[in-house]
Amino acid sequence: MSETQQQQKQSSLLLNVIMIVLETFYSFILKHDRVVRIQAKKFVDQQITIKVNSYVPFFDFYLQFSDKGLLFDLKMPEKPVDLSVSSTLLDLVQIFLLGNRRSIKKMRIEGDSALKDEFRDLVLNFAA
């Protein structure tokens, strides 16, 4: 196995581990925080799917709201994407872990305008 292949496997493994940790953390918040649960009710009821794109470095992952919690996946789901979110990796970290308002305003969201505003509010509540 070449070094390049080994590095790709290691980075893929690291990304999968990070996704599992984030899924567990945010699903726990979604199930146990009353304010977040109320804010996310529409997302869960409609089983909203969100494509998250980082363009520095480039990678995509998908968020699916379900009655089981918030599911993170690297593969595109069968259900069409409801919102598409794009930002840099640094901004995504600041958005999802720190709730940085400036980074939230900078992120590009494509999709239904009402859903965009509700998603921005939800992200703020997840990080608070």
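**Aromatic pairs and selected residues**

Phe65 is buried, with a relative accessible area of 2% (buried is under 20%, exposed over 50% and partly exposed in between, using a 1.4 Å probe and protein chains only). The model is a predicted one, in which local features need pLDDT of at least 70, side-chain atom pairs count only at pLDDT 80 or more, and totals for chains, interfaces and linings use all residues. Residues are numbered from 1 along each chain as its sequence is written, and side-chain values use heavy atoms, leaving out hydrogens and water.

Next come the aromatic rings. Rings of Phe, Tyr and Trp (taking its six-membered ring) pair up if their centres lie within 6.5 Å, and planes under 30 degrees apart count as stacked, over 60 as edge-to-face and the rest as tilted. This rule gives six aromatic pairs. One of them is Phe43 with Phe65: the ring centres sit 5.1 Å apart with the planes at 45°, so this pair is tilted. The pair ties together distant parts of the chain, as Phe43 belongs to helix α2 (residues 34-45) and Phe65 to strand β2 (residues 58-66), 22 residues apart (helices, H or I with at least four residues, and strands, E with at least two, are DSSP runs numbered from the N terminus). Phe43 is buried too, at a relative accessible area of 0%.

Phe61 and Phe72 make a stacked pair, because their ring centres are 5.9 Å apart and their planes meet at 15°. Here, too, distant parts of the chain are linked: Phe61 is in strand β2 and Phe72 in strand β3 (residues 69-73), eleven residues apart. With 8% relative accessible area, Phe61 is buried, and Phe72 counts as buried at 11%. Phe61 and Phe72 also belong to one aromatic cluster that takes in Phe25, Tyr26 and Phe59.

Ser54 sits in strand β1 (residues 49-55) and is buried, with 0% relative accessibility. A polar atom of the Ser54 side chain lies 3.3 Å from the backbone nitrogen of Leu89. Leaving aside residues up to four places away in sequence, Ser54 touches Phe59, Ser87, Thr88, Leu89 and Leu92 (contact means heavy atoms within 4.5 Å).

Leu89 itself is part of helix α3 (residues 89-98) and is partly exposed, at 34% relative accessibility. Together with Val93, Leu97 and Leu98, Leu89 forms a nonpolar surface patch with about 350 Å² of accessible area. Patch residues have over 30% relative accessible area and no salt bridge, with like charges joined within 9 Å and nonpolar side chains (Val, Leu, Ile, Met, Phe, Trp, Tyr) within 5 Å. Areas come from the Shrake-Rupley method with a 1.4 Å probe, counting only the protein chains shown as cover for residues; a salt bridge puts a side-chain nitrogen of Lys or Arg within 4 Å of a carboxyl oxygen of Asp or Glu.

Ser103, in helix α4 (residues 101-106), is buried at 2% relative accessibility. Its side chain makes a polar contact of 3.1 Å with the side chain of Asp91 and another of 2.7 Å with that of Gln94 (N or O atoms within 3.5 Å; within protein, one must be able to donate a hydrogen and the other to accept it, and residues adjacent in sequence count only if both atoms are side-chain atoms). Not counting residues up to four places away in sequence, Ser103 touches Asp91, Gln94 and Ile95.

Ala114 lies in helix α5 (residues 113-127) and, at 37% relative accessibility, is partly exposed. Between Ala114 and Leu98 there are 24 Å in space, C-alpha to C-alpha, and the two are 16 residues apart in sequence.
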